[in-house]
Amino acid sequence: MTERVINLKTFFEEARAGRLTGIRCGRCGELAIPPKEFCAGCGQRDWQPVPLAGPGTIVSFTVIRVAPRGRGGEVPYAVAVVRLEEGVSLLGRIVDIPFEALKAGLPVRFRPVQIDTQSLIGFGPA
Amino acid sequence: MRRVAVIGVGVTKFGKHDRTSAELFAAAAADAITDAGIAPSAIQALYFGNVTGGETERQLHMGPLAATLLGLPTVPTTRFENACATSHVAFRHAVMEIASGVSDVVLVGGAERVLNVPTESATEFFAYCSDASLEQPAGLTFPGVFALIARAHMDKYGTTEEQMAHVAVKNHRHGVLNPKAQFQKEISLETVLKSAYVADPLKLFDCCPFTDGGAALVLASEDVARRHRRPIWVLGSHAATDTMFVHEKRDLSRVTATERAAQGAYRQAGKTPTDVDVVELHDCFTIAEIVATEGLGFFEPGTGGLAAEKGWTSLGGKLPVNPSGGLKAKGHPIGATGAAQIAEIVTQLRGEADRRQVDGARTGLTHTLGGNTATVVVSLFGRD
């Protein structure tokens, strides 16, 4: 049995600290975020961590204007699904890009975002 | 496997209630049992759905509570939670309990109560149905999830905000004809288009409301059903799951779980999309109805917006969708919604839907979606 290389908690803690990692299936090469037990592609359990460089492009985005409890002070804020250059996608908060400039295909770059005491996965200008 | 029929339906008025979820369910269940014309003691099991009771009412273990309040304190109960698809999932399992021969009569449904908490709390509790490690910290809301889908559909197919608004106008027009609906008032295209953005490109009137309500169904084996008035047969019921993570969806303009659940249900029923006369589907947001009408095989991918604009999905159109008013106007008590959709289709197939009746409807379909498009159940129904 392959030992679990990264777990959900440490994965996102690392990402929020600026170290973005995916996992690649040693059998079929599928690249995934976050880690899973079995590869959805080939059913194997043979993962290796792969550092991800950070550049990507927006797949879809929205500007949230009604927030859950405790986040009302942050609105409006943009959230996007970003396809990273390695071919895997990730959801994050968009920062330092005007809302009107947002569109599918826009190049962005991963970076952690600090909001109050909380760090989030984010994407800023490429 | 044995044939299964729906022999009784009960739905509370949808809107704001002072009664608890368990009370709302018990009221709907008593109506369903009365509608079925059976003795309460004939019920052999209760499959009960609720999502947010732990948060909004500090109440768990609601299955036995609902049974107690119904006056059936010894009936075995199971509680289901699959986000907004909760009671449709419960329904499918209740069908299996009868089809397998374990029981002859099963009560199934659900209830939800959220209007007793502030909107921002309800928004937070619903967001618990998305992933807590990545999506909740990012501030993703449910309107946000469907906004990502809407944007992808607009980019790929040219779907417009006006086409989405047509879904809202149509479902409100239908809601006027439903005395149980939360909103029984027509709205104009302009009202939708001028409403404030909640999560661009979705505006307030693209979103279904928060709702309190309960819904219940009595299911029976063929032997029992034949002794009761107008059984409506379950022709097929199939569930499908997709990744919980929005970023892992392979194509945000599609809901692949809808496509897979529909294929399974059509196969079980021996039916195709062209056999369907009336549909209740999951319009939690206007874009969700457009994408669902495509995924269920009624319209080609990319033409669901056109179908709404042209009136093809209106009462009187080629395929009436959500004659009840849908989640948009009837309301969306998330634990009750699947059962309420089935209750509407049963009412339609009995020919008892009054002013919103689809003339001559023989085959009906229900579609319920849960969470980040991660759970979908599709069922098909027919009359003798």
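This is a predicted model: local features need pLDDT of at least 70, side-chain atom pairs count only at pLDDT 80 or more; totals for chains, interfaces and linings use all residues.
**Fold and domain arrangement of chain A**

Read from the N terminus, the secondary-structure elements of chain A follow the order α-β-β-β-β-β-β-β-β, an arrangement made up of one helix and eight strands.

With regard to overall dimensions, the C-alpha trace of chain A extends over about 45 × 30 × 20 Å when taken along its principal axes. Chain A comprises 126 residues, of which 34% are buried. When the contacts in chain A between residues at least 6 apart in sequence are considered, 51% of them are found to join residues at least 24 apart.

The contact between the two draws on nine residues from domain 1 of chain A and on nine residues from domain 2 of chain A. On the side of domain 1 of chain A that touches domain 2 of chain A, the elements contributing two or more residues are helix H1 (8-16) and strand S2 (31-32) of chain A. In terms of residue class, this side of domain 1 of chain A consists of six nonpolar, two polar and one charged residues.

Terms used:
Residues are numbered from 1 along each chain as its sequence is written. Chains are lettered from A and ligands numbered from 1 in the order in which they are written. Helices (H or I, at least four residues) and strands (E, at least two) are DSSP runs, numbered from the N terminus. A residue is buried if 20 or more other C-beta atoms lie within 10 Å of its own, exposed if 12 or fewer, and partly exposed in between; C-beta atoms are placed from the backbone. Two residues are in contact if their C-beta atoms, placed from the backbone, lie within 7 Å. Ala, Val, Leu, Ile, Met, Phe, Trp, Tyr, Cys and Pro count as nonpolar, Asp, Glu, Lys and Arg as charged, and the others, Gly among them, as polar.
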